[in-house]
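Subject: Structure handover

Hello,

Here is the structure you asked about. Please open it next to this email and follow along.

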Amino acid sequence: MDYKEKVIMDASDFVLLSDYVPGIVQEIRYFSTYNFVGEQIDGYEEPIALLTKEAARALRSVSNQAIVAGYRLKIFDAYRPSRAVKHFMLWGIEDLDLRMKPFFYPDLEKHEVFEQGYIAAQSSHSRGSTVDLTLLNMETGKELDMGSAFDFFGEKSHPDSKDVTEKQYENRMFLQNLMVRNGFEPIDCEWWHFTLKDEPFPETYFDFPVTKDVIKT
């Protein structure tokens with residue numbers, strides 16, 4: 001085993017997010033079948049969120065500020081094994097597998113999902129400091145209306161989309177401001193996606209499975 005391979009499988013700098021942010025809600029979509037592929041994704045052995053220690057600490061600050069404002073964080077995805085990204089790429093070449101198209105990419109052809117950058121051969125999630133999330137209203141128990149669902153591939157999911165209402169845009173900016181204020185950076189095509197600006201592993205892609213067993217206590 002060479003050094004690079006050893007680093008890729010090493011989870012020693014990762015933590016169980018719920019240990020750092022006890023109040024989070026987790027709906028790990030790639031552990032379930034309700035995602036754009038339509039099946040449980042390779043590497044997701046438990047419905048839990050793992051992150052680098054640095055990203056988890058920053059997200060704890062986000063959570064604390066959200067709670068003061070009356071909201072809780074809801075996590076859809078955090079660390080994503082490289083094998084999961086390979087699963088996505090294999091799905092991409094199966095032209096006839098369109099079972100989830102009506103729900104996640106109704107206005108795009110399958111190849112356009114890749115061409116427009118919604119899915120790539122390498123994901124920042126595999127570096128361990130990227131998270132997909134939204135906000136829950138603590139009074140109603142419902143997600144804030146962001147104008148599009150998580151993993152909806154299309155312009156409506158762009159943070160600055162003109163196809164959403166003023167209130168939906170305000171909700172997106174509220175989430176984005178919370179994240180940016182605590183050291184995360186957004187991207188231009190997904191309102192739910194944020195990466196820690198000073199991520200500890202900017203060039204390393206990990207491939208250990210998503211399970212509590214990899215976390216050292």
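**Salt bridges**

Arg 80 and Asp 132 join their side chains in a salt bridge, at 3.7 Å from N to O. Keep in mind that this is a predicted model. The two partners come from distant parts of the chain, 52 residues apart. Arg 80 sits in the loop between β4 and α4 (82-92), while Asp 132 sits in strand β5. Is Arg 80 buried or exposed? Its relative accessibility is 7%, so Arg 80 counts as buried. Asp 132 has 1% relative accessibility, so Asp 132 counts as buried too.

Next, look at Glu 199 and Arg 127. Their side chains form a salt bridge of 2.9 Å, N to O. Glu 199 lies in the segment after β7, and Arg 127 in the loop between α6 (110-115) and β5. The pair therefore ties together parts that are 72 residues apart in sequence. Glu 199 is buried, because its relative accessible area is 13% and the cut-off for buried is under 20%. Arg 127 counts as buried at 13% relative accessibility.

Some salt bridges share partners. They join Glu 27, Arg 29, Lys 74 and Glu 143 into one network.

How many salt bridges does a search of the whole structure find? It finds 10. One of them joins the side chains of Glu 46 and Lys 212, at 3.0 Å from N to O. This pair links parts of the chain that are 166 residues apart. Glu 46 is in the loop between β2 and β3, and Lys 212 is in the segment after β7. Lys 212 has a relative accessible area of 42%, so Lys 212 is partly exposed.

**Aromatic rings**

The structure holds 21 aromatic pairs. Start with Tyr 30 and Tyr 44. Their ring centres are 5.8 Å apart and their planes stand at 65°, so this pair is edge-to-face. The angle decides the label, because planes over 60 degrees apart count as edge-to-face. Both Tyr 30 and Tyr 44 lie in the loop between β2 (25-26) and β3 (50-52), and the pair ties together parts 14 residues apart in sequence. Tyr 30 counts as buried, at 1% relative accessibility. Tyr 44 counts as buried at 2%.

Now compare Phe 76 and Phe 150. What kind of pair do their rings make? The centres are 4.5 Å apart and the planes are at 10°, so the pair is stacked. Phe 76 is in strand β4 (residues 71-77), and Phe 150 is in the loop between β5 (130-137) and α7 (166-181). The pair therefore ties together parts that are 74 residues apart in sequence. Both Phe 76 and Phe 150 are buried.

A charged residue also meets a ring. Lys 110 lies over the face of Trp 91, 4.2 Å from the ring centre.

**The sheet and its helices**

Five strands make an open sheet with mixed pairing, in the order β2-β4-β5-β7-β6. Which strands stand at the edges? They are β2 and β6 (184-186). Each has a single partner strand, so one side of each is left without a neighbour in the sheet. β2 and β4 run parallel and are joined by two bridges. Gln 26 has Ile 75, in β4, as its bridge partner.

Helix α3 (residues 53-68) lies across β4, β5, β6 and β7 (193-196). It runs at about 145° to β4. Helix α7 packs on the sheet as well, touching β4, β5, β6 and β7. The direction of α7 makes about 130° with that of β5.

Best wishes

Conventions: Residues numbered from 1 in each chain as written. Predicted model: local features only at pLDDT ≥ 70, side-chain atom pairs only at ≥ 80, totals over all residues. Heavy atoms only, no water. Phe/Tyr/Trp six-rings, centres within 6.5 Å; stacked < 30°, edge-to-face > 60°. Helix = DSSP H or I, 4+ residues; strand = E, 2+ residues; numbered from the N terminus. Buried < 20%, exposed > 50% of the residue type's maximum accessible area, 1.4 Å probe, protein only. Lys NZ or Arg CZ within 6 Å of the ring centre and 35° of its normal. Pairing = 2+ DSSP bridges. Contact = heavy atoms within 4.5 Å. Axes fitted to C-alpha atoms, helices over the stretch in contact; angles between N-to-C directions. Salt bridge = Lys/Arg side-chain N within 4 Å of Asp/Glu carboxyl O.
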